[in-house]
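Take a look at the model below. The paragraphs after it lead you from one part to the next.

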Amino acid sequence: MTDAHITGPFIAAIDQGTTSSRCIVFDTDGRIVSVDQKEHEQIFPKPGWVEHNAAEIWTNVQEVVDSAIAKAGITSADVKAIGITNQRETTVLWDKNTGEPVHNALVWQDTRTDALCKELGRNVGQDRFRRETGLPLASYFAGPKIRWLLDNVEGLRERAERGEILFGTMDSWVIWNLTGGVDGGVHVTDVTNASRTMLMNLHTLDWDQKILESMDVPAAVLPEIRSSAEVYGSAAGGALAGVPVASALGDQQAALFGQTCFAEGEAKSTYGTGTFMLMNTGSEPVNSYNGLLTTVGYRIGDQPPVYALEGSIAVTGSLVQWMRDQMGLISTAAEIETLAMSVEDNGGAYFVPAFSGLFAPYWRDDARGVIAGLTRYVTKAHIARAVLEATAWQTREISDAMTKDSGVELTALKVDGGMTSNNLLMQTLSDFLDAPVVRPMVAETTCLGAAYAAGLAVGYWPDTDALRANWRRAAEWTPHMDADKRDREYKSWLKAVERTMGWLEDDADEE
Amino acid sequence: MAKNIQSLERAAAMLRLLAGGERRLGLSDIASSLELAKGTAHGILRTLQAEGFVEQDPASGRYQLGAELLRLGNSYLDVHELRARALVWTDDLARSSGESVHLGVLHQHGVLIVHHVFRPDDSRQVLEVGAMQPLHSTALGKVLSAYDPVAHSEVMEVERKAFTPRTVTGLADFESMLDHARARGWAADVEETWEGVASLAAPITDRRRMPVGAVAITGAVERICDDGELRSELVAAVRDCARAVSRDLGAQRF
């Protein structure tokens, strides 16, 4: 029994996410002591546009921090450091003298920069900046969003060039406010967040002058790029006044860190509405020729940076929601497993949920969803099975792409996120990957990663080995499928994928 | 027909009326459709409303079918829903107790393991989801037999096999063991199923206090017991976990 009574000191992690802001207090074993969470408004001014009110977010962050500290029954004296993790790429510009945002934040899902990205690709196409940044020109990333704001908010470019305007992803916004705002707030970002702007050179880890010129973004607005784990400053007010702010990591990188994927070849996959898989590729960035992103995994203080390959799947948990809400075949998400378990196999049906095109490794926006292999024999239970298999096969495709790019075979996959409660999915994943799938005991790997990085920076934990020792296996699924069957099924899946492509003619007038 | 209870017949007619055509009806519509006095109709509607079979729209005062009817139709809790709800609490229990955690439900005269959290050490362990455990000798089985009348009647029918010298097989002894479990709210298995292994379980109930499953920790008897007694802090941890999951089911189902 290790639960006598939880004793300090503690680390507080702030997770500024897409739908809510949270604060979790962790103890030295990485256990959760208290949590508070608050949602913020999703603003949709036009189809495809998504905004957040950055001022509302900062208010919520202050509230959840104060409340989590109060719930834990502790004071700032008990907290050694604050770690930050955040929704990536979401972009805010604010006035450095008043602290007021000049416009709502443009959220990563916002597609208003689609046309701008095409234009920036010029004759080269979407890979124009890939060698420097590891990213294709796509609307997610922050650089084009800054450009859009400078072009569309009246007078903003002049103010920016005069040095009155600051840019930040949500880490920078939170840290600047937390460390005092107009009263001496520090304007910094970390390498992982900077690697999602399309403005940072992956090799020098500094802003790339040529890209800044091409994108027409004045250097004066940019924060200083720091490591993911070091003391940036101290909290200026609130329940944690005086506590060092000591880490920042984009959410997926934080989950990689929280899952203690510290060795080359270790990978994690987070199963939510969509899925993000990241693999640690060591101290050199690996170029992807198979549709993955190259990104910074983390950097601890002065140590060399650790890079990662990233693959995302647009539709995973949201396919189960679609079965529930649009098809009405199940009444709760968990029931998909019950329905799928009522049959032995997929009955020959394959479901490729290319609802808005195919993402990694294909990147085909002319693709649309397909259910292939239908016969009279197929029931809704077979479709349920095909739904779960779709998530597993898409993971397999990303894992194959990672192996091709990095030359490293996946030895085991660490998983987290809501869908890990689906036992059949986890077993199927292990069968299709032909590798063990492991779920850790703390589900909050994102916050934990930010807490770990902050704790390392202030010496709360001595090194990454101590963090590894904290990692606990809650469950492990091992492959049981024979190789012939796996190969046959994979072939059928790939055939189904082929049938999604080219559904839309040209690019014209989709949706 | 004469022997049937008139008010129940009228209540059934009202439910059928609300189920067809226009879904929301006012008191006078209902009364006139069924040729009842308004007062009589209102009395029946009020009773149906108190039972949750009928709801009244606060704005218009009209009546419609209530959520309880839906619940009757789907009263069984999906085991995968149970697992999803239990996930964080069972992880927490494994961490705080240092032992493995199992979630079990009644299935074909036994206990079906629907969720398993490994003991938080680095030892190799195999996931036991889908495995069956006996009803009469395990802590999970005893809790289910004590609280779920269906499990109880099943455990009376099965052969209560002696797995170890400590397995309780006699009917009277077994019944008094279940009484004991009901009285204190939890059950134990100290080397009654496996030599050297002890477990502790508590019931999970839904919002209507119906037992839907049980949660247990299982480990070496030396760790679960202290001087021959079950360790009270472990009992408290298991019961806290069962209560937390039950609360989650009650608060969020419908």
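**Where the chains meet**

The contact takes 27 residues from chain B and 27 residues from chain A. Contact here means heavy atoms within 4.5 Å. This is a predicted model, where local features need pLDDT of at least 70, side-chain atom pairs count only at pLDDT 80 or more, and totals for chains, interfaces and linings use all residues. Residues are numbered from 1 along each chain as its sequence is written, chains are lettered from A and ligands numbered from 1 in the order in which they are written, and side-chain values use heavy atoms, with hydrogens and water left out.

The size of an interface is often given as the accessible area lost when the parts come together. Between chain B and chain A, about 2,300 Å² is buried. That buried area is the accessible area (1.4 Å probe) that two parts lose on being put together, summed over both. Carbon and sulfur atoms give 51% of it. Which residues of chain B lose the most area to chain A? They are His80(B), Arg95(B) and Phe118(B), together 29% of what that side buries.

**Helices that cross**

Two packed helices are described by the angle between their axes and the distance between the axes. Axes are lines fitted to C-alpha atoms, for helices over the stretch in contact, and angles run from 0 to 180 degrees between N-to-C directions. Helices (H or I, at least four residues) and strands (E, at least two) are DSSP runs, numbered from the N terminus.

Start in chain A. The axes of helix H12 (residues 380-406) and helix H16 (residues 483-498) of chain A come within 11 Å and cross at roughly 95°. H12(A) and H16(A) are therefore roughly perpendicular to each other. Angles under 35 degrees count as roughly parallel, over 145 as roughly antiparallel, 65 to 115 as roughly perpendicular and the rest as oblique. Among the residues that meet are Trp393(A) and Gln394(A) in H12(A), and Tyr490(A) and Trp493(A) in H16(A). By class, this contact of H12(A) with H16(A) has six nonpolar, one polar and six charged residues. Ala, Val, Leu, Ile, Met, Phe, Trp, Tyr, Cys and Pro count as nonpolar, Asp, Glu, Lys and Arg as charged, and the others, Gly among them, as polar.

Now find helix H2 (residues 114-121) and helix H4 (residues 142-152) of chain A. Their axes come within 10 Å and cross at roughly 110°. H2(A) and H4(A) are therefore roughly perpendicular to each other. H2(A) brings Leu116(A), Cys117(A), Glu119(A) and Leu120(A) to the contact, and H4(A) brings Pro144(A), Arg147(A) and Trp148(A). Five of the residues in this contact are nonpolar, none polar and two charged.

Helix H6 (residues 139-147) and helix H8 (residues 171-184) of chain B have axes that come within 9 Å and cross at roughly 85°. H6(B) and H8(B) are therefore roughly perpendicular to each other.

**Two backbone details**

Most residues other than glycine have a negative phi, and most peptide bonds are trans. A cis peptide bond joins Ala360(A) and Pro361(A), with omega about 0°. Pro361(A) sits in the loop between strand S19 (350-352) and strand S20 (370-372) of chain A. Leu205(A) has a positive phi, near 60°. Its place is the loop between strand S10 (200-201) and strand S11 (206-207) of chain A.
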